Amino acid sequence: FQDKKSGLRLDPQNFVFSPTALLEYNECPKKYELGKILQMPSVGDFEWSGASTGSFIHKLLEDGVQDKFSTLKQFVDLSKEMAELPEWEGVDLKDVENLLKVFWARNEGHYDEKSLVEEKLPLKIDGFSFFGIADRIDIDKEGATIIDYKTNGSALDATHRSWQLGYYALAAQAKGWKVKKLVLEMLRLEKPVEMTVVGDEVKG
């Protein structure tokens with residue numbers, strides 16, 4: 001496959017695409033080529049500013065939901081334990097606790113023993129391989145709700161939201177799930193982004 005606009009050649013047998021990578025390619029094929037194909041570092045890759053709050057929160061919520069934590073205190077206590085590990089040096093625990101309070105206010109009672117974390121969602125479309133990982137999937141008799149945690153300080157644009165959530169819906173349906181809702185859990189914003197799935201359409 002060769003993109004006529006950029007001249008970039010892609011062999012579908014040698015690449016697995018993610019929703020994020022597709023967004024990057026859509027924005028700038030040259031940036032995609034330099035970063036994803038030629039593996040060239042981007043500005044800031046050599047700077048260290050402490051552990052990433054986003055990565056810390058994702059791991060913390062993954063472990064807490066998997067262990068079926070039933071109180072906010074369990075999440076806070078685990079965050080303090082994790083912060084003692086070398087890989088999380090420099091993480092801002094006060095910021096983490098504020099994000100945990102938002103998470104708990106919105107998610108208490110929503111996950112249970114049927115919930116899945118870090119669920120792999122592969123998909124093939126027209127010979128191309130795609131891959132994504134859902135942070136959490138809650139399942140009830142009406143279907144599956146797919147949740148993706150975000151710690152961005154600003155809202156994601158409509159293209160980013162639709163590509164990422166749309167991919168999750170397609171990939172989950174290919175695995176046999178009836179998807180009823182897609183959620184971007186924006187922990188720094190006033191409310192999450194929620195979309196409902198009706199048939200083959202994503203609305204929200």
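What follows is a conversation about how the terms apply to this structure.

Mentor: A word on the ground rules: this is a predicted model, in which local features need pLDDT of at least 70 and side-chain atom pairs count only at pLDDT 80 or more, while totals for chains, interfaces and linings use all residues. Residues are numbered from 1 along each chain as its sequence is written, and side-chain values use heavy atoms, with hydrogens and water left out.

Trainee: Which pattern does the protein follow along the sequence?
Mentor: Along the sequence it reads β-α-α-α-α-α-β-β-β-α-β-β-β, with six helices and seven strands. Helices (H or I, at least four residues) and strands (E, at least two) are DSSP runs, numbered from the N terminus.

Trainee: Why is G64 called buried?
Mentor: Buried means under 20% relative accessible area, exposed means over 50%, and partly exposed is in between (1.4 Å probe, protein chains only). G64 has a relative accessible area of 0%, so G64 is buried. Of the 204 residues of the protein, 41% count as buried.

Trainee: Where is G64, and what does G64 touch?
Mentor: G64 has its place in helix α3, residues 53–66. Not counting residues up to four places away in sequence, G64 touches F69, F75 and L78. Contact here means heavy atoms within 4.5 Å.

Trainee: What makes F69 and F75 an edge-to-face pair?
Mentor: A pair of aromatic rings is described by the distance of the centres and the angle of the planes. Rings of Phe, Tyr and Trp (its six-membered ring) pair if their centres lie within 6.5 Å; planes under 30 degrees apart count as stacked, over 60 as edge-to-face and the rest as tilted. The structure holds seven aromatic pairs. For F69 and F75, the ring centres are 5.1 Å apart and the planes stand at 75 degrees, so this pair is edge-to-face.

Trainee: How do you know what to call the pair of F75 and F103?
Mentor: Their ring centres are 5.4 Å apart and their planes are at 70 degrees, so F75 and F103 are edge-to-face. F75 lies in helix α4 (residues 72–83) and F103 in helix α5 (residues 93–107), so the pair ties together parts that are 28 residues apart in sequence. F75 has a relative accessible area of 0% and is buried, and F103, at 0% relative accessibility, counts as buried.

Trainee: Which residues form one aromatic cluster?
Mentor: The cluster is formed by F69, F75, F103, W104 and Y149.

Trainee: Why does N107 count as buried?
Mentor: N107 has 3% relative accessibility, so N107 counts as buried. N107 is found in helix α5, and, leaving aside neighbours within four places in sequence, is in contact with R136 and E185.

Trainee: What volume does the largest pocket have, and what makes a set of points a pocket?
Mentor: The volume is about 310 Å³. On a 1 Å grid over the protein atoms alone, a pocket is an open set with protein on both sides within 12 Å along at least five of seven lines, where a 1.4 Å probe fits; lining residues have an atom within 4 Å of a point. Grid points are joined across faces, edges and corners, and the volume is the space filled by probe spheres set on the points.

Trainee: Which residues lie closest to the centre of the largest pocket?
Mentor: Of the 18 residues that line the largest pocket, the closest to its centre are H110, R136, D138, T145 and I147. At least two lining residues come from each of α5, β3 (128–140), β4 (143–150) and β5 (179–186).
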